[in-house]
Each structure stands twice: as structure tokens, then as C-alpha cells.
Amino acid sequence: MGNFYLRLSWFLMVMVFVVLSGHYVECGSKCKFEAIFNFGDSNSDTGGFCAAFPAQSGPFGMTYFKKPAGRATDGRLIVDFLAQAIGIPFLSPYLQSIGSDYRHGANYATLASTVLLPNTSLFVSGLSPFSLAIQLNQMKEFKARVYESRSNHGSTPLPSVHIFGKAIYTFYIGQNDFTSNLAAIGISGVMQYLPQVISQIAYTIKELYALGGRTFWMLNLAPIGCYPAFIVELPHDDSDVDQYGCLISYNAAVVNYNKMLKEALTETRATLADASVIYVDVHSVMLELFRHPTSNGLKHGAKACCGEGGGAYNFNPKVYCGNTKVINGTKTTAAACKDPSNYVSWDGIHATEAANKMVALSIMNGSLFDPPFPIHKFCRLHHIG
């Protein structure tokens, strides 16, 4: 039944686009929302981490950009599709000093970011120094610079001072808080500090509200128990693997986290007058895609497109997507498949452009919002082909 409702959701979205097809307009017009300010990790990083630590190479970006574009996937991210749908350009990373245009928002997300401040450096833990608290401070600095620019015009395109109340503030973060310590301390250990994660998210929304923000979309946590990297690396026994190849206990823990997150957003919403604090259930779409890829136009669920080893998951923790290493005396390369559009998982950790597009379509047709948010009443949605 789940795949039926997902297909119906996408059909309705297509119908919205058909109805509006005669009314497509130029970027930035005919929409109440003139910008997106995004906070997140690699699931929504459009180049921030690579701006700070240049290193990305192929096959990342192979599908849409035809070259590495600072995104941890083969093409576009959910936030890219959202920007296209409301008619604004792709978001420039806040950390990108060359070629950025912030007239329609900014992206503070970086690969490996967490909600909570990391305890050690990037080079020890692998976690980004740009946690949610840092991203919030960057947003505050951005607003201050926008106000300063009224009398001192700089070389970087900035928005008007009125943009902050006309923007969607999107959040797609929390996966690294959930997964970075799972192998070491287990589900019960991680669950002990997840309330702090959720509290920090609620605090950030309130701070952004004080800056003038009024529309907040919080994307929940995807079913990490279906991601090839976690299936291969996290401790489990055969009884913990469901019929789809996903880890039962870890996915159940994600459901518990999402429930706590949703409750916290309900409480936050009650404290903020005239604000829309929206819980966005991307988990349901991703779970459906992992479980029933062929029913949704794909071929592979819990199997990485870019990886090494073949088999059910095609993920080798010793050699990551795009890299070549000598393993047991043999040169081994984790190469990309030729058809990422048939996969849900790009590299074992991140979704493909194809999966991101399906999630974005479901978001923009309104089926994932809680409480309901009539985006089509605020914007003439653009085609996101």
C-alpha cells in the first residue's frame, strides 16, 4: 500500500505542474518566498565543505553538473530541487568566497556537520567544525552584513533587508549526530543525547524567528538502517535484517528519534506567533524507495551505485566512492555505476539525484508536511526536470 500512496503523491504533483505549465515565470517572481536559507550536513551541502577544504573529484556530480559540484551525490540535492521549484537559483554556500550570489538566500550546510558541537577536530573525528550553532552564528553575521551593505555596497550580490521574512528556512541535519557514535556506544548510548540534539534544533528555530524568519521546514531523519554503509559497518546479527535488507533495530531507533523531533516542533510552534514550523516527513519516502525501488521506477534499493565489492550492498569501508587503494596487494577502485538514475543510494551514505528528486516532488505537492502547508498557494511551482 505504501508504494501506491507514493505513486499517487507523485501523480498529483505532476498534475499541479501541468495545471501551472502555462504560468511558468522567470526566476525569483510569482512566489511569496524569495529566498531559502539552509542549515544542514552533506545531505544539503551545495559546496560549503569543499570551499573550506577543497578536495572533491569525480564521479561526484556526473549526472547533472557533469563535474564535481561540491555535492555528495551524482547530481542535485533536495534543496536544489526546492530552489528550482520556487523559481530561484541554486543556493551559494556561505563559505564560498568566489562566485557567490546571495540575493536569494545562502546555504550554511557542510558535509559531516552535526547539530551538537563536536568534541574533537575534523582530523580526529571526521566531523565538520561547522555545527548547527556555528551555522546559526554565520546566519546572524550574514544578516548584519546585509544591513551594513545598505550604505556600503560590496562586490558580492546580497539580498534586500526585507528578505529574512520572505524566506523558507530549511533544516536537514542530525544524521551525523545519530550515526557517528553508533558503532561505539550502540543505540541505547546514542539515544541518551538525542534530546540535546532536538533541543538545539528548537533553540535554533527560535533564534532565527528573532532574526525575522517565519517559515521553517525541518526534514526528519531518513532510515539509516537501509543505507549500505551502515548496514555493512554497524554491528548486527542476521535476525536484525528485514526482508528488504535493512537493519530493523536501527530503523526503529530512527522512528523514535523522529517522533521526539515532531513533538518538539509542535511545542516550538506553540511558542512562536505567526510562524509556520513544519515537520517534513522525508523518512516515509526514502523508506518506500529502499523497500520498493522497482515499484517506483528504480532498480536498486539498499545497494550503492558508487562503491566496491558488488553483492547486495556494493560497499567496501576500506575504499570510498571515487577512490583507489591497494587492498591485500591489489589495486582496488570504488567506481560509479553507469546508471545512477536506477539507484536510491549513491555512495552508501547519500541518496542519488533520482531519489532526491522523488523526495522533492513529494515535498512540493504538500504530502509530507505536518501540519499542512499549502505551498502551491504561495508559489507558482516550476518544473524540476
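The model is a predicted one, in which local features need pLDDT of at least 70 and side-chain atom pairs count only at pLDDT 80 or more, while totals for chains, interfaces and linings use all residues. Residues are numbered from 1 along each chain as its sequence is written, and side-chain values use heavy atoms, with hydrogens and water left out.

**The main core**

Begin by selecting Phe37, Tyr169, Phe178, Trp217, Met286 and Ile363, which have the most contacts inside the largest nonpolar core, a set of 98 residues. A nonpolar core here is a set of buried Ala, Val, Leu, Ile, Met, Phe, Trp, Tyr and Cys residues joined through side-chain atoms within 4.5 Å, and buried means under 20% relative accessible area, with exposed being over 50% and partly exposed in between (1.4 Å probe, protein chains only). Helix H7 (residues 182–210) gives the most to this core, with 10 residues; helices (H or I, at least four residues) and strands (E, at least two) are DSSP runs, numbered from the N terminus. In soluble globular proteins, nonpolar side chains tend to be buried together.

Now centre the view on Tyr169 and leave aside its neighbours within four places in sequence: among the residues in contact with Tyr169 are Phe37, Phe39, Met139, Phe164, Leu208 and Trp217, where contact means heavy atoms within 4.5 Å. A second, separate core has seven residues, including Phe60, Cys305, Cys306 and Cys321.

**Helix H10**

Select residues 282–291 next, which form helix H10, a mostly covered helix with eight of its 10 residues buried.

**Where H3 packs on H11**

Show helix H3 (residues 78–86) together with helix H11 (residues 353–364), whose axes lie 8 Å apart at an angle of about 45 degrees. H3 is therefore oblique to H11, since angles under 35 degrees count as roughly parallel, over 145 as roughly antiparallel, 65 to 115 as roughly perpendicular and the rest as oblique. The axes are lines fitted to C-alpha atoms, for helices over the stretch in contact, and angles run from 0 to 180 degrees between N-to-C directions.

On the H3 side, colour Ile78, Phe81, Leu82, Ala85 and Ile86, which meet residues of H11 that include Val359, Ala360, Ile363 and Met364.

**Two cis peptide bonds**

Move to Gly58 and Pro59, which are joined by a cis peptide bond with omega of about 5 degrees; Pro59 lies in the loop between helix H2 (48–52) and H3. The bond from Asp370 to Pro371 is also cis, with omega near 0 degrees, and Pro371 is in the loop between strand S10 (369–370) and helix H12 (375–378).

Asp274, in the loop between helix H9 (248–271) and strand S5 (276–280), has a positive phi of about 50 degrees although it is not a glycine, but Asp274 is exposed, with a relative accessible area of 62%.

Finish at Asn342, in the loop between strand S8 (330–333) and strand S9 (343–345), which counts as buried at 15% relative accessibility. Not counting residues up to four places away in sequence, Asn342 touches Gly297, Leu298, Lys299 and His300.
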